[in-house]
Amino acid sequence: MFTTRMIQLFAVVLGKDCEQVTEALLGEGVMQFVGMSEFEGEKPENLSTVKPKVPLTEISELRKRTEGLLHSGGIIPSAPEETHLNDRAPVAVEKERSYLDKIASERDSIRERQRGIQQEILKLEDIKRQVDLYGTGISDAALSTRHSFISMQIGKLPALNVKQFEDALRAFPSLSVALGRENDMSHRLLIAMKRDNAQINTILANVGWTKIELPGELRSVKKDVSREISAKLENLAAEQKKLESQANDMVKKEAEHLREVWLNLRVNELFYKVQTNFESSSRTVIFTGWLPSSKKKCLTEKIKKASRGRCYLEWNEPGSKDAIRDEVPVQFNNPKILAPFQMLVSNFGVPRYGDIDPTPFVMPLYLSMFGLMFADLGQGLILAILGIIGACLLKKDDKKKGLYQLSWLIIWCGASSMVFGALVGSFFGTGLFRPLWFDFHGIISGHSARSSMISDVYDILSITIYFGIFVIAIGLIFNWINLIRGGKWAELFFDKGGIFGAWIYAGGIYITSYMVSHNYKGFPAGTTVFLLVGLPSLLLFIKEPYHYFTHAGAHADKKSNLFLAFMNMLMEWIVELLEIFSGYLSNTLSFMRVAGLGIAHVCLMISVFTLANMTSGIGSVLILILGNILVIGLEGLSAGVQALRLSYYEFFTKFFHGTGKLYTPISLNSKI
Amino acid sequence: MAGPLSKYSFINAKLRARISKILPDEKFNQLEQAQSLDEALALLRETPFAGLEEFYSTTGDLKQAELELVRNEIELYRNIRQHLHHNSVELLDALLSRFEIDNLKNAIRIYFDRKIRNRSADLGAHYILYDRIIHDIPIDIILNADNFDEIAGVCEGTPYGQIIKKYYHTVESEESLFRMETAFDHLYYANLLASFDKLDRKDRTIALRLAGVEIDLQNIDWIIRLKNFYALPLEAVLAAIVPGGFNLNKTVIDELYGAQNVKSVLGGFVKNKYPGLSAMLSSQTSDSTSRLLLIRRILEEIMKQEVHRILAGYPFTIGIVLSYFILKKNELARIRTVLNAKQYARKTIKD
């Protein structure tokens with residue numbers, strides 16, 4: 001019901017034991033450190049922060065680089081363990097940096113080569129696109145005149161200049177096809193873009209190109225240029241593929257070593273992160289922080305062992321006068337089974353330390369509301385199965401913990417639907433069995449046996465109103481418990497969710513039920529109404545003057561105008577009363593949505609059956625299947641959202657502030 | 001006549017779901033901290049940009065990957081277009097024409113570099129879109145053209161032919177594409193503003209406001225560029241300014257151009273219309289570059305505020321569509337900037 005009890009440690013150890021104590025603290029991983037700036041007046045003047053041997057930023061940078069390399073190879077390193085802490089080696093920054101630089105530069109050079117090949121591919125594709133447009137063959141060199149963008153020519157050049165020729169052409173989209181060799185002259189077909197004619201002609205002049213007619217003996221060569229280009233493209237693509245796998249393999253080959261480097265860097269990073277919370281004098285080191293009370297004994301032993309007993313440990317309870325004034329962190333204290341509901345609570349906020357953690361109450365309330373809105377044994381079973389599939393698929397994926405918990409929530413919701421389905425006798429919208437509580441479908445479709453206590457829609461609406469009153473009452477009681485535990489006595493009475501507010505609410509409920517029981521023709525006696533609503537309303541008027549006088553200092557400048565102050569109090573009182581009356585009324589009526597959604601669910605199923613009855617055979621079965629899928633998807637989502645909305649806005653707002661600070665100790669598992 | 005609910009309920013739900021997938025600032029911080037392009041791209045796995053890494057690791061070519069981003073963005077516009085009410089389709093086409101205009105500008109730049117500046121243009125030709133966006137523009141012919149007449153001829157029948165015809169003599173005589181490109185931008189904004197006429201009153205007000213802020217951004221960008229890099233006279237600047245700005249009227253632009261300290265002029269409308277941003281103006285700026293950066297930051301903040309205002313307000317308006325495009329455009333621009341910075345940093349280190 002409450003979060004974990006916390007305790008604050010104030011410790012002094014000798015400077016020479018600093019490393020061992022740091023390791024002990026990190027290994028235990030339970031301390032949420034408090035900055036020494038929180039000291040008020042007591043901080044010794046000669047304290048200074050502990051300087052790490054290697055700057056933390058450098059270690060972090062190296063760790064991130066290593067991590068980045070591992071990520072690029074598809075490897076996610078797992079958190080270090082105790083053995084890695086015991087084997088912690090000092091970080092050789094330069095060595096690690098040059099190792100990472102080496103890998104990065106190797107990979108960069110592969111990328112550079114890939115880029116070069118890609119440029120070649122793009123140029124060839126450019127040519128191919130043009131050639132494909134006109135479907136030319138090599139024997140038809142004269143075709144070039146008809147082409148808009150391609151220039152084709154046949155010529156010869158000294159065989160010795162071929163390499164120079166090929167290299168120079170590389171800068172342009174072009175293709176040079178060897179046609180044959182005559183003595184020391186190479187005959188070639190050159191295809192290039194017309195737009196590059198000027199530059200290409202310069203190259204041709206430099207390599208001794210002579211334009212010729214296609215030699216007679218070569219005319220029979222019927223090569224397809226497009227095929228030629230395609231072959232070249234295939235070769236280049238294969239080369240690209242090779243380089244790609246080379247880049248990927250490079251990280252994978254180094255993965256083992258990179259992992260080791262990463263673990264050592266991470267351990268050192270955390271080690272120095274712990275030390276950033278230390279303050280040191282010439283011979284001693286001081287630190288302070290919060291941890292769960294249950295860990296006190298274990299941590300004491302660890303610190304004493306690490307410092308060989310040369311330490312001073314002081315333990316302070318939250319709120320005690322010696323505790324350093326810092327907000328106490330909050331650790332949820334719920335069994336694993338409640339994890340999906342804890343997710344719903346923490347999504348709203350973290351309870352303040354000492355306040356009630358609503359998680360154990362959210363579970364039955366949320367499930368009851370969901371079940372009432374989505375009561376069907378068969379559809380609930382489908383939901384539960386979907387949840388189980390989700391949970392099985394996501395169980396091992398640490399990154400999708402939220403979705404895993406959501407799957408469990410769906411399982412719970414499915415189970416609740418099944419229970420309520422059995423209570424109202426619904427199985428995929430049919431009444432296959434006798435309802436254990438009341439016949440929801442019968443009531444909505446107008447053929448209820450009227451044998452149970454719930455016999456019409458108004459009765460169903462009443463259930464949800466009673467349920468709402470119950471939820472609001474619990475919320476109010478929790479608020480009082482929080483206020484009593486926090487010693488906020490004035491708020492206990494004057495808060496909207498305090499005793500006077502609740503008194504008015506209880507009075508309102510009595511008056512309403514009195515009227516209902518008298519068929520809206522009777523009203524309670526004036527004295528009763530005054531005692532139930534008037535008196536607490538008047539008592540609430542004390543709130544503003546009480547605040548005014550208890551915070552007199554703050555109003556020092558306004559004291560001169562008491563009339564204005566009185567008018568202000570009057571207005572505040574009226575507004576507060578309006579808020580209480582309208583707030584409680586709307587909060588209670590808001591629960592009628594539970595009945596509304598439940599009725600909508602039944603109505604949808606009735607519609608599905610009506611539609612199915614209008615046809616027969618496979619069509620009817622299809623309508624039933626699709627209808628059920630629609631109802632499960634649509635109603636399941638609506639019921640889930642509405643139950644959450646009621647929990648957040650009608651229940652939580654009564655007592656839950658959600659302004660707590662979550663307990664996040666520095667440990668080997670700390671989030672990166 | 002369709003009401004706002006029937007016009008926008010579906011697209012509103014769809015786009016809000018998509019907005020939730022826009023990369024958060026935290027992701028961009030991680031990207032900025034990545035030590036190399038490969039690492040940055042690895043961070044984009046499990047995001048809608050996962051394809052970038054795949055593309056880059058296959059080709060090593062970031063520009064190709066970027067071109068793929070542009071293709072995806074165009075596809076996105078088309079996808080949203082089919083879910084819009086017919087009154088808003090014209091607006092979407094106007095927005096989509098931005099890609100066509102940018103692509104045409106790139107093609108003309110390649111031609112210009114080759115013919116007027118005598119530079120090799122082949123590399124740029126690979127990073128251009130050849131597919132149809134809205135009009136049939138034969139990009140191939142533009143790239144390989146012998147003169148502007150040929151380009152104007154093939155663009156005949158599109159809204160761009162007249163502009164090319166009107167400005168190409170100036171381009172050739174001034175050896176600068178500035179006036180032609182400005183005319184293209186004017187055409188884009190004119191079409192965009194004209195497309196608002198079909199919207200109903202509420203939508204029109206919202207669209208005018210958002211487009212106005214974007215025009216302001218564009219105008220201020222130009223003013224600063226023209227003032228700092230071209231030193232053009234005021235008349236020439238005013239001719240380049242796009243009408244329809246939201247915060248900047250002619251008087252402000254007049255002042256802005258003449259002011260020694262651009263910040264002092266911006267202070268006026270920032271303090272009046274966006275008081276929350278006044279603190280940004282107090283940043284010390286000594287040179288024109290840092291001043292430029294500060295102004296851009298302020299304008300981006302203004303755009304952010306406008307978008308957030310729309311997202312927090314009544315949901316069934318054209319605002320959601322425009323806001324989504326603005327957010328998406330910013331996201332893509334940020335990704336391009338970060339990735340190029342990583343690539344550039346690597347090249348610098350190697351050089």
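Modeller: Let's talk through the chains, their contacts and a few backbone details.

Biologist: Before we start, is this experimental or predicted?
Modeller: This is a predicted model.

Biologist: Okay. How many helices and strands are in chain A?
Modeller: Chain A has 21 helices and 12 strands.

Biologist: And what radius of gyration does chain A have, next to a compact globule of 672 residues?
Modeller: Chain A comes out at 40 Å, while a compact globule of 672 residues would be near 26 Å. The C-alpha trace of chain A spans about 125 × 90 × 55 Å along its principal axes.

Biologist: What share of chain A counts as buried?
Modeller: That would be 35% of the 672 residues. As for contacts in chain A between residues at least 6 apart in sequence, 78% of them join residues at least 24 apart.

Biologist: Which domains does the assignment give for chain A?
Modeller: Domain 1 covers 138-223 and domain 2 covers 356-655. Their C-alpha centres lie 84 Å apart.

Biologist: Which sense does its pairing with β4(A) take, parallel or antiparallel?
Modeller: Antiparallel: β4(A), residues 150-158, pairs with β6(A) over 9 bridges. In that pairing Leu157(A) has Ser186(A) of β6(A) as its bridge partner.

Biologist: How many bridges join β5(A) to β6(A)?
Modeller: There are 8, and these two strands run antiparallel, with β5(A) at residues 174-182. Ala178(A), for instance, is bridged to Arg188(A) in β6(A).

Biologist: What happens in the hairpin of β5(A) and β6(A)?
Modeller: It has 2 residues between the strands, and Asn183(A) takes a positive phi near 55° in this hairpin.

Biologist: Is Tyr520(A) buried or exposed?
Modeller: Exposed, because Tyr520(A) has 9 C-beta neighbours inside 10 Å, and a residue with 12 or fewer counts as exposed.

Biologist: What about Glu175(B)?
Modeller: Glu175(B) has a positive phi of about 50° although it is not a glycine. You'll find Glu175(B) in the loop between α10 (161-174) and α11 (178-195) of chain B. With 10 other C-beta atoms within 10 Å, Glu175(B) is exposed.

Biologist: While we're in chain B, which residues of helix α4(B) are buried?
Modeller: In α4(B), residues 50-59, the buried ones are Leu52(B), Glu53(B), Tyr56(B), Ser57(B) and Thr59(B). After α4(B) comes Gly60(B), which has a positive phi near 70°.

Biologist: Now the cores. How many residues does the largest nonpolar core have?
Modeller: It has 66 residues, and Tyr111(B), Ile164(B) and Ala207(B) have the most contacts inside it. Helix α6(B), residues 86-115, gives the most to this core, with 11 residues.

Biologist: Where does that core lie relative to domain 1 and domain 2 of chain B?
Modeller: Between them, because domain 1 (100-198) and domain 2 (200-317) both give residues to this core.

Biologist: What does Tyr111(B) touch?
Modeller: Leaving out residues up to four places away in sequence, Tyr111(B) touches Ile142(B), Leu143(B), Ala145(B) and Ile151(B). There is also a second, separate core of 62 residues, which includes Leu409(A), Ile410(A), Cys413(A) and Val424(A).

Biologist: Last topic: how many residues of chain A are in contact with chain B?
Modeller: 29 residues of chain A are in contact with 22 residues of chain B. On the chain A side, the elements giving two or more residues are α2 (56-72), α4 (93-134) and α7 (225-275). The largest share, 10 residues, comes from α4(A).

Biologist: How do the residues on that side divide by class?
Modeller: The side of chain A that touches chain B has 9 nonpolar, 8 polar and 12 charged residues.

Note on methods:
Residues are numbered from 1 along each chain as its sequence is written. Chains are lettered from A and ligands numbered from 1 in the order in which they are written. This is a predicted model: local features need pLDDT of at least 70, side-chain atom pairs count only at pLDDT 80 or more; totals for chains, interfaces and linings use all residues. Two strands pair if DSSP finds at least two bridges between them. Helices (H or I, at least four residues) and strands (E, at least two) are DSSP runs, numbered from the N terminus. A nonpolar core is a set of buried Ala, Val, Leu, Ile, Met, Phe, Trp, Tyr and Cys residues joined through C-beta atoms within 7 Å. A residue is buried if 20 or more other C-beta atoms lie within 10 Å of its own, exposed if 12 or fewer, and partly exposed in between; C-beta atoms are placed from the backbone. Domain bounds come from an automatic or database domain assignment. Two residues are in contact if their C-beta atoms, placed from the backbone, lie within 7 Å. The radius of gyration is taken over C-alpha atoms; the globule rule is 2.2 Å times the number of residues to the power 0.38. Ala, Val, Leu, Ile, Met, Phe, Trp, Tyr, Cys and Pro count as nonpolar, Asp, Glu, Lys and Arg as charged, and the others, Gly among them, as polar.
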